[in-house]
Amino acid sequence: IISVVELAAANDYSAKLADRVASAWKRKREKLATGEKLTNIAPSWIDKSTWQLIPEKVAIVNRVFSLYAKGVGRPTIARTLNQEKVTPLAKAAWSTSGIHALLHSRSVIGEFTPCILKTADNGNYYHRIKLGNPIKNYYPAAISEDLFFRVLSKLAQNKGRMKSEVIRNLFAGLAFCMCGGKM
C-alpha cells in the first residue's frame with residue numbers, strides 16, 4: 001500500500017509540475033506581443049548577450065544562400081565548406097541536412113515562430129507544433145528577404161529531383177524497418 005501511495009504522490013507531483021511549466025511558457029508567449037524575448041536562445045549567428053549579428057557567421061550564412069541561389073547544390077555546398085575548413089554554425093561538420101535546415105530557416109530573415117514540443121504517439125521522439133503566426137523582426141536579419149525567397153522558390157522547384165541517374169544502393173526503397181520507415 002505504501003508503494004502505491006508513493007507512486008500516486010509522485011504522479012500528482014509530476015502532473016502539477018507539468019501544469020506549472022506549461023503555464024509559465026504560456027505567460028512568456030503572451031509577453032511576445034510586447035516585444036519581450038521568449039528566451040536567450042538565438043541562432044548561432046547572433047550574439048546572445050548583445051542580441052547583435054556576428055559578422056563572420058553572417059558572412060557564412062550569406063555565402064550558403066548565395067551559392068544555392070547560383071545553382072550550387074546542398075551536397076556540394078557542404079563538401080566545399082568542409083574542404084575549406086569553414087567553422088560550422090552547429091557543433092557538427094557541414095552536412096547536406098544542416099544546409100537544408102539553414103536554407104529553410106526563417107530566422108535568417110529575423111522571423112521567429114513560437115512552437116511547443118509534443119511527444120509522438122509512440123513516445124520515442126518529439127515534434128514541434130507551431131503556435132500562431134511567425135513574429136517578424138524578432139531576430140536581426142542575417143540576409144535580405146529577396147535572397148531568402150529566391151532560394152525558397154528554387155528549393156520548391158528542385159524538390160523531388162535527382163540530378164543523377166546512378167543507383168547508389170541496390171536495395172533503395174525495397175527494404176523497410178519494422179516501424180515502416182525506409183531503410
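**Group meeting: the largest pocket and the helices**

α1 (2-31), β3 (115-119) and β4 (126-130) each supply at least two residues to the lining of the largest pocket. Helices here are DSSP runs of H or I, at least four residues, and strands are runs of E, at least two, numbered from the N terminus. A pocket is an open set of points on a 1 Å grid over the protein atoms alone, where a 1.4 Å probe fits, with protein on both sides within 12 Å along at least five of seven lines; lining residues have an atom within 4 Å of a point.

Before I go on, a word on the model. It is predicted: local features need pLDDT of at least 70, side-chain atom pairs count only at pLDDT 80 or more, and totals for chains, interfaces and linings use all residues. Residues are numbered from 1 along each chain as its sequence is written, and side-chain values use heavy atoms, with hydrogens and water left out.

Back to the pocket. Its volume is about 850 Å³. That is the space filled by probe spheres set on the points, with grid points joined across faces, edges and corners. The lining has 22 residues. Nearest the centre lie Phe-112, Thr-113, Pro-114, Cys-115 and Arg-128. Which element gives the largest share of the lining? That is α1, with five residues. By type, the lining divides into 14 nonpolar, three polar and five charged residues. Nonpolar covers Ala, Val, Leu, Ile, Met, Phe, Trp, Tyr, Cys and Pro; charged covers Asp, Glu, Lys and Arg; the others, Gly among them, are polar.

Now the whole chain. It has five helices and four strands. From the N terminus on, the order is α-β-β-α-α-α-β-β-α. Of 183 residues, 22% count as buried. Buried means under 20% relative accessible area, exposed over 50%, partly exposed in between, using a 1.4 Å probe and protein chains only. Take contacts, meaning heavy atoms within 4.5 Å. Among those between residues at least 6 apart in sequence, 54% join residues at least 24 apart.

Next, helix α2, residues 55-69. Its 15 residues should span 21 Å at 1.5 Å a residue, and the end C-alpha atoms are 21 Å apart, which agrees. The expected span is 1.5 Å times one less than the number of residues. Its buried residues are Val-58, Ile-60, Val-61, Val-64, Phe-65, Leu-67 and Tyr-68. They pack against β2 (52-53), α3 (74-83), α4 (96-104) and α5 (145-158). After α2 comes Gly-71, with a positive phi near 105 degrees.

On to α3. Ile-77, Ala-78 and Leu-81 are buried there. They cover an arc of only 95 degrees around the axis, which puts them on the same side of α3. The arc is that of the directions from the helix axis to the C-beta atoms. Their cover includes α2 and α4.

Two residues for phi. Most residues other than glycine have a negative phi. Trp-51 has a positive value near 60 degrees. Trp-51 sits in the loop between β1 (46-47) and β2. Lys-85 has a positive phi near 55 degrees, in the loop between α3 and α4. Buried or exposed, Trp-51? Trp-51 is buried, at 16% relative accessible area. Lys-85 counts as exposed, at 71%.

Last, Gly-132, in the loop between β4 and α5. Gly-132 is exposed, at 55% relative accessible area. Its C-alpha atom is 7.3 Å from that of Thr-113, 19 residues apart along the chain.
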